[in-house]
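Thanks for coming. I will go through a few features of one model, and you can follow along on the screen.

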Amino acid sequence: MASTRNEPNRTAIYATALTAFFAIAGIAVVDPILPVIGEEIGASTWQIELLFTAYIAVMALGMIPAVMATGRFGYKKILATGVSLVAVAAVLAALSTSIGQLAALRGLWGLGNAMFFATAMVLLVSLANDREWVVELFETCVGLGFAVGPLLGGLLGGISWRVPFFVCGVFMLVALLVSVTRLKDPAEKPAPLRVGQVFRLFRKPGFLALAAVTAAYNFCFFVVLGYTPVFLGLDVVPLGLVFTAWGVGLAVGILVVGHRLAHRVGAVQTLGVAVVGVLVALVLLALDLGTAWSVVVLVGAGVFMGIANANLTDLSLALGDPDRRVTTGAFNLVRWGFAAPAPVIAGLLHPVSATAPFWLGAGILVLGVVVFVAFGHRMAGELGERVLWSRWNRTARTVEGTPEEAIGEV
């Protein structure tokens, strides 16, 4: 995964990537301790799912203001402020006594992560010469964060559900130290940004098609991440190990499969394979084949989700605006905005049927697949790729260059 090019900002790049790892681990650390929190605080299923929904909703709403703030304060200050907020929210969460306090602090946590995610990828792309390498590095840290977070949550949650929150706060303090001492802004200060610039990006057919698929996929991603811990009914340590296996599958999809498959068949078709794989996994989970088989399906879903995540970031950068802040703001607004309601909706459906959330997710992802088949050729056309069904629509455009070149030049 090492870059083959000279990277004068390698230290700053690795520092940003390490901070991404800590940020994602902080999301996933909650997974194994959700049932325990519900039991000890006396919260219902939908109430404990608020710990995900409050976090994601605030993060989605905070994305665009955070992106706009970079034009005034620069990337480093916004990123460091975000990391600080996460550290404070995590430590205070360890001291909470009610589900309302926890949900509010997870919202503050989400605001901090919005400030981080709004700047991290833009900062990485600005600092790197080899952009394909730096995107892969970022997504690898995301995958590893999803793998290590549940492990920490499971092992430390066996002591008390409060301990993972406190440890996460300590991790973020380390990340703050790294960001303050090692990160640097690009030589050229970012220009002021207007809200209209972000929303105008949705007028591009290829990006709009990607946004629609991303919305459906991310809803399902957080049904799996937020609701499956409740569905499996395992104790905190086994649950942590199960989601660590899921996170390892996610990392394998990103590191081993995602970009290699994209170089063979194109990023657009690879995304199609990944989305269909997640759809099959949701149907199998909805069929409730037993705990052991559900765990196997969950890990397999992680691989397909890793493949999807690896290529979604690439595709957003390739199809987006030349100003990466615009692309980041628009894409993350969709990515997190449509993920936000998924956990709490799953919690509300739980009393109806334990498998109802998975059936709902499968239905929504079917809509995503339909959109993908109908408009995937528009994404492919803008990248110089071919898709098997492009002959169905004669308006599909082709651009000179190979898929690798198209993505590598973003």
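In which helix does L284 lie? L284 lies in helix 11; helices here are DSSP runs of H or I with at least four residues, numbered from the N terminus. Before going on, two notes on the source. This is a predicted model, where local features need pLDDT of at least 70 and side-chain atom pairs count only at pLDDT 80 or more, while totals for chains, interfaces and linings use all residues. Residues are numbered from 1 along each chain as its sequence is written, and side-chain values use heavy atoms, with hydrogens and water left out.

Back to L284. L284 is partly exposed, at a relative accessible area of 31%. On that scale, buried means under 20%, exposed means over 50%, and partly exposed is in between, with a 1.4 Å probe and protein chains only.

L284 belongs to a nonpolar surface patch of about 750 Å², together with V276, V280, L287, L289, W293, V296 and W359. Helix 11 gives the most, with 3 residues. To count for a patch, a residue needs over 30% relative accessible area and no salt bridge, and nonpolar side chains are joined within 5 Å. A salt bridge is a side-chain nitrogen of Lys or Arg within 4 Å of a carboxyl oxygen of Asp or Glu.

Next, the rings. How many aromatic pairs does the structure hold? The structure holds 13. Rings of Phe, Tyr and Trp (its six-membered ring) pair if their centres lie within 6.5 Å; planes under 30 degrees apart count as stacked, over 60 as edge-to-face, and the rest as tilted. Y227 and F231 make a tilted pair, 6.3 Å centre to centre with 40° between the planes. These two are 4 residues apart in helix 9 (residues 205–232), so about one helical turn separates them. Both Y227 and F231 are buried. Elsewhere, ring pairs link Y217, F221, F222, F243, W246 and W336 into a cluster.

Last, the cysteines. A disulfide is a covalent bond between the sulfur atoms of two cysteines. The cut-off is a pair of cysteine sulfur atoms within 2.5 Å. How many disulfides does a search of the whole structure find? The search finds 0. The sulfur of C141 is 15 Å from the closest cysteine sulfur, in C168, which is too far for a bond. C141 is buried at 12% relative accessible area, and C168 is buried at 5%.

Definitions and conventions:
Patch = residues over 30% accessible without salt bridge, like charges linked within 9 Å, V, L, I, M, F, W, Y side chains within 5 Å. Areas by Shrake-Rupley, 256 points an atom, 1.4 Å probe, with all protein chains shown as cover.
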